[in-house]
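Visitor: I have a model open and want to learn how to read it. Where do we begin?

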Amino acid sequence: MSSIGRDLVFLVLQYLHEKKFEETAHKLERESGLFFNMSYFEESVLAGDWEAAERYLSGFTKFDDNPHSTKIYFEIRKRKYFQALDRHDKVKAVDILVKDLSVFSSSNEDIVKELTLLLPLDNFRKKEELSEYEDTQPARVTAMEELKWLIEANPLFSDKLQFPPIGTSRLRTLTNQSLNWQHLLCKYPSPRPHMETLFVDHCCPHPNFAPGESSRAAGGGS
Ligand code: ZN
């Protein structure tokens, strides 16, 4: 993407955030891969919405991009597994083991085996030595601290964690500048110009014509 192209995405992102189109903004952050919104990611993690956290992350890195990325994905999927165990949803837990966690067997066979051993335990929550495997609120806070550290240390995220310093409502400012410039080109500039659309260039009508005939009056010169 060209640097102007990147800037345009950031201007749109700023506009979306200012207008509270949050869902669309996070989608654009993910689709463009230009800005990783740590607060939004943290919200998903603290809510235990591991699927949303992983979906968002996927716009920025794949699980095997580098060791940091692998650890991030592993942590998310492990927590998702604990959550299923906590809810005694064995079907879901097996599904996560097979589909999400087995890919880590090659790099970390022991831990995947260890996780598998938790599956038949009915009183998994009560075993004190397994307390670190709980999916409770404090456990999510701890997980987020670790995830944050891994993301900040990941070179793929180095230029994506800070939103660029853009003046407030920058897109609106540029629009106003463009309209002012268009008005400067008007052949018959009105002291109080009508500027009601951005879809076509502004042009003050000829003083003797009705407003609908403005473009022909100024552009055609006939
Ligand atoms: Zn004008």
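**From a loop to the core**

Guide: Lys20 sits in the loop that links helix H1 (3–18) and H2. Helices here are DSSP runs (H or I, at least four residues; strands are E, at least two), numbered from the N terminus. This is a predicted model: local features need pLDDT of at least 70, side-chain atom pairs count only at pLDDT 80 or more, and totals for chains, interfaces and linings use all residues. Residues are numbered from 1 along each chain as its sequence is written, and side-chain values use heavy atoms, with hydrogens and water left out.

Visitor: What is phi of Lys20 near?

Guide: Phi of Lys20 is near 65 degrees, a positive value in a residue other than glycine.

Visitor: Is Lys20 buried or exposed?

Guide: Buried means under 20% relative accessible area, exposed over 50%, and partly exposed in between (1.4 Å probe, protein chains only). Lys20 has 64% relative accessibility, so Lys20 counts as exposed. Now look at His88, in the loop between H5 and H6. His88 is not a glycine, yet has a positive phi of about 55 degrees. His88 is exposed too, with a relative accessible area of 53%.

Visitor: How many residues of H4 are buried?

Guide: 6 of its 8 residues are buried, so H4 is mostly covered. They are Trp50, Ala52, Ala53, Glu54, Tyr56 and Leu57. These residues pack against helix H2 (22–32), H3, H5 and H8.

Visitor: How many residues has the largest nonpolar core?

Guide: In soluble globular proteins, nonpolar side chains tend to be buried together. A nonpolar core is a set of buried Ala, Val, Leu, Ile, Met, Phe, Trp, Tyr and Cys residues joined through side-chain atoms within 4.5 Å. The largest one here has 32 residues. Among those with the most contacts inside it are Phe36, Leu57 and Leu115. H5 gives the most to this core, with 8 residues. A second, separate core of 7 residues includes Val9, Ala25, Leu34 and Phe35.

Visitor: How do the axes of H5 and H7 cross?

Guide: Axes are lines fitted to C-alpha atoms, for helices over the stretch in contact, and angles run from 0 to 180 degrees between N-to-C directions. The axes of H5 and H7 come within 11 Å and cross at roughly 10 degrees. Angles under 35 degrees count as roughly parallel, over 145 as roughly antiparallel, 65 to 115 as roughly perpendicular and the rest as oblique. H5 and H7 are therefore roughly parallel to each other.

Visitor: Which residues of H5 and H7 meet?

Guide: Contact means heavy atoms within 4.5 Å. Phe74, Lys78, Tyr81 and Phe82 in H5 meet Ile111, Leu115 and Thr116 in H7.
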